[in-house]
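Have a look at the fold first, then read on.

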Amino acid sequence: MEFEHEALLFHKNIRWLSKGNMLGQLYELQEVAIFLDLLQKADLHDKFQSEGFQLSLAYLVDIFEALNTLDLKLQEKNIKIFTHHDTIRTFMAKLDLWKCHIQQGNTASFSYLDSALIHGNLNSELKKQITTHLTNLKTEFIRYFPDIDEKKCEAWKFIKNPFQCEVTDVLDEVQEEFLGLKFNSPAKEDFKELDLETFWVDYLPVYPLISH
């Protein structure tokens with residue numbers, strides 16, 4: 001197999017490489033085994049070359065690559081909080097999907113792992129390790145992002161498009177003001193033409209309660 005990496009980067013603090021990229025290079029470089037052999041590190045060499053380690057490493061490359069992609073999406077400029085919310089919820093849903101796939105022995109969502117399994121199937125021990133890791137990863141996401149839930153989605157539905165909401169979707173104290181906005185034809189046209197932030201800023205003086 002041909003890989004683009006020909007040398008492994010060594011540094012006591014590898015700040016310019018993400019964990020995903022570093023693991024990818026480690027996995028692809030066949031010279032690592034040669035390096036360990038030259039150092040006469042027989043135990044490390046054998047463990048590194050073992051099928052179990054290589055499959056586990058392949059999975060880690062895949063999952064860190066997915067996390068890196070998520071991280072880049074969350075760092076994009078001029079992204080609305082709704083988009084962040086949707087992006088995180090999508091990733092958490094993927095964790096559930098990947099877990100189901102792994103339980104069925106389906107590794108199609110993990111390209112490195114899938115390639116490493118060309119001549120074999122996912123053994124029960126590794127399957128258990130991966131499903132446990134995916135479960136724990138989702139638990140950490142829930143802990144780190146406690147506001148990612150269905151109730152928050154419903155609360156933001158009004159902000160995303162007030163003209164598709166009903167009066168019962170908003171708090172009692174702003175319902176009358178909401179009706180004024182809902183049946184304001186010029187405001188509805190402005191909503192179609194303006195970006196979300198500009199619309200709410202422009203209508204803040206007119207509808208101060210629901211614009212906050």
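Rings of Phe, Tyr and Trp (for Trp, the six-membered ring) count as a pair when their centres lie within 6.5 Å; planes under 30 degrees apart are called stacked, over 60 edge-to-face, and the rest tilted. With that in hand, Phe158, Phe163, Phe178, Phe191, Phe199, Trp200, Tyr203 and Tyr207 form one aromatic cluster. A search of the whole structure turns up 14 aromatic pairs. Take Phe199 and Trp200: their ring centres sit 5.3 Å apart with the planes at 80°, so this pair is edge-to-face. Phe199 and Trp200 are both buried, where buried means under 20% relative accessible area, exposed means over 50%, and partly exposed is in between (1.4 Å probe, protein chains only).

A word on where this comes from: the model is predicted, so to speak of local features pLDDT has to be at least 70, side-chain atom pairs count only at pLDDT 80 or more, and totals for chains, interfaces and linings use all residues. Residues are numbered from 1 along each chain as its sequence is written, and side-chain values use heavy atoms, with hydrogens and water left out.

**The overall picture**

The chain has eleven helices and zero strands, going by DSSP runs numbered from the N terminus (H or I, at least four residues, for helices; E, at least two, for strands). Of the 212 residues in the chain, 32% are buried. Among contacts (heavy atoms within 4.5 Å) with a separation of 6 or more, 59% are between residues 24 or more positions apart.

**The cores**

A nonpolar core here is a set of buried Ala, Val, Leu, Ile, Met, Phe, Trp, Tyr and Cys residues joined through side-chain atoms within 4.5 Å. The largest one has 26 residues, and Trp98, Phe110, Leu113, Ile130, Leu134 and Phe141 are the ones that touch the most other members. Two or more residues each come from H4, helix H5 (81-103), helix H6 (111-116) and helix H7 (124-144). H4 gives the largest share, eight residues. Apart from this core lies another, of 16 residues, among them Ala187, Phe191, Leu196 and Tyr203.

What does Leu134 touch, leaving aside neighbours within four places in sequence? Leu134 is in contact with Tyr59, Ile63, Leu95, Trp98, Lys99, Ile102 and Phe110. Leu67, which lies in helix H4, has a list made up of Phe91 and Phe141, again leaving aside neighbours within four places. Leu67 and Phe91 are 24 residues apart in sequence and 8.9 Å apart from C-alpha to C-alpha. At 21% relative accessibility, Leu67 counts as partly exposed.

Asp62 is in helix H4 (residues 51-74). Asp62 is buried yet has no salt bridge, and the nearest side chain of opposite charge, Lys94, is 13 Å away. For charges, Lys and Arg count as positive and Asp and Glu as negative, while His and the chain ends are not counted.

**Salt bridges**

The whole structure has four salt bridges, each being a side-chain nitrogen of Lys or Arg within 4 Å of a carboxyl oxygen of Asp or Glu. Three of them are tabulated here.

| Pair | N to O distance |
|---|---|
| Lys138 and Asp96 | 2.5 Å |
| Glu140 and Arg143 | 2.8 Å |
| Glu189 and Lys192 | 3.5 Å |

Lys138 lies in helix H7 and Asp96 in helix H5, so this pair ties together parts 42 residues apart in sequence. Lys138 is partly exposed at 23% relative accessible area, and Asp96 is partly exposed at 34%.

Glu140 and Arg143 are three residues apart in helix H7, about one helical turn. Glu140 is partly exposed at 40%, whereas Arg143 is exposed at 56%. Glu189 and Lys192 are likewise three residues apart, about one helical turn, in helix H10 (residues 185-193). Here Glu189 is partly exposed at 40% and Lys192 is exposed at 61%.
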